[in-house]
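Here is a short tour of one protein model, from its overall build to a surface patch. Have the coordinates open as you read along.

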Amino acid sequence: MSLLLYMHPLSSFCHKVLIALYENDTPFEPRMVRLDDEASREDFRKVWPILRFPVLRDEARGRTVPESSIIIEYLALHYPGRTALLPADPQAALEVRERDRFFDLYLHVPTQKIITDRLRPEDGHDPVGVAQARAQLRTAYALVEQDMRERTWATGDTFTMADCATAPPLFYSDWAEPLDDFPHLAAYRRRLMERPSFARALREAEPYLQYVPKA
């Protein structure tokens with residue numbers, strides 16, 4: 001197998017890459033990383049010393065590719081499939097990249113802040129940081145809610161890398177800051193969860209979801 005994906009089934013950034021792989025039935029071998037296991041951690045360190053996943057290793061090309069957005073673009077360049085996740089038109093591609101960064105920075109990051117804070121010991125919580133993350137999420141929700149009044153997917157009628165980016169944090173962010181006041185965003189979340197590529201990633205994550213604190 002030429003492509004090895006170093007990942008964990010609970011990671012939202014790993015889900016983002018899995019969606020792209022499953023959209024195009026791209027063959028790959030998943031390599032589960034457990035950072036709490038010394039042997040697994042040290043094996044991963046040899047591939048990527050930063051110890052952050054996902055990381056794609058392309059054995060055929062001798063390339064190690066970190067970071068979810070870069071991995072998706074690498075796949076589009078070297079392993080294209082039936083679903084073009086990045087438009088050929090430069091302006092349309094720029095819009096997809098802008099949405100991708102928006103979702104990573106303003107949905108992914110604050111959602112992780114809120115949920116990981118729940119895993120901290122009682123004397124290690126960060127209530128100020130969590131309140132800031134909640135406020136940022138609601139601001140992002142409001143902006144996306146406005147967009148989704150007239151869109152099926154993140155940038156229009158076509159599923160793109162931007163949707164790969166928003167599906168995982170929207171799945172988890174509803175546990176962090178519910179979408180009750182954002183009906184169009186909630187409907188978009190349902191469409192994303194029904195997308196076969198993301199539904200498959202969620203099925204694979206299901207045995208591990210019990211370890212994610214919902215409140």
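Patches here are made of residues with over 30% relative accessible area and no salt bridge, where nonpolar side chains (Val, Leu, Ile, Met, Phe, Trp, Tyr) are joined within 5 Å and like charges within 9 Å. A salt bridge is a side-chain nitrogen of Lys or Arg within 4 Å of a carboxyl oxygen of Asp or Glu, and accessible areas come from the Shrake-Rupley method with a 1.4 Å probe, with only the protein chains shown as cover for residues.

This is a predicted model, with pLDDT of at least 70 needed for local features and 80 or more for side-chain atom pairs, while totals for chains, interfaces and linings use all residues. Residues are numbered from 1 along each chain as its sequence is written, and side-chain values use heavy atoms, leaving out hydrogens and water.

On the surface, L105, Y106 and V109 form a nonpolar patch with about 240 Å² of accessible area together. Y106 sits in helix α4 (residues 90-117); helices (H or I, at least four residues) and strands (E, at least two) are DSSP runs, numbered from the N terminus.

The protein has eight helices and four strands, in the order β-α-β-α-β-β-α-α-α-α-α-α from the N terminus. Some whole-protein values follow.

| Property | Value |
|---|---|
| C-alpha box along the principal axes | roughly 50 × 45 × 25 Å |
| Accessible surface of the protein | about 11000 Å² |
| Share of that surface on carbon and sulfur atoms | 52% |
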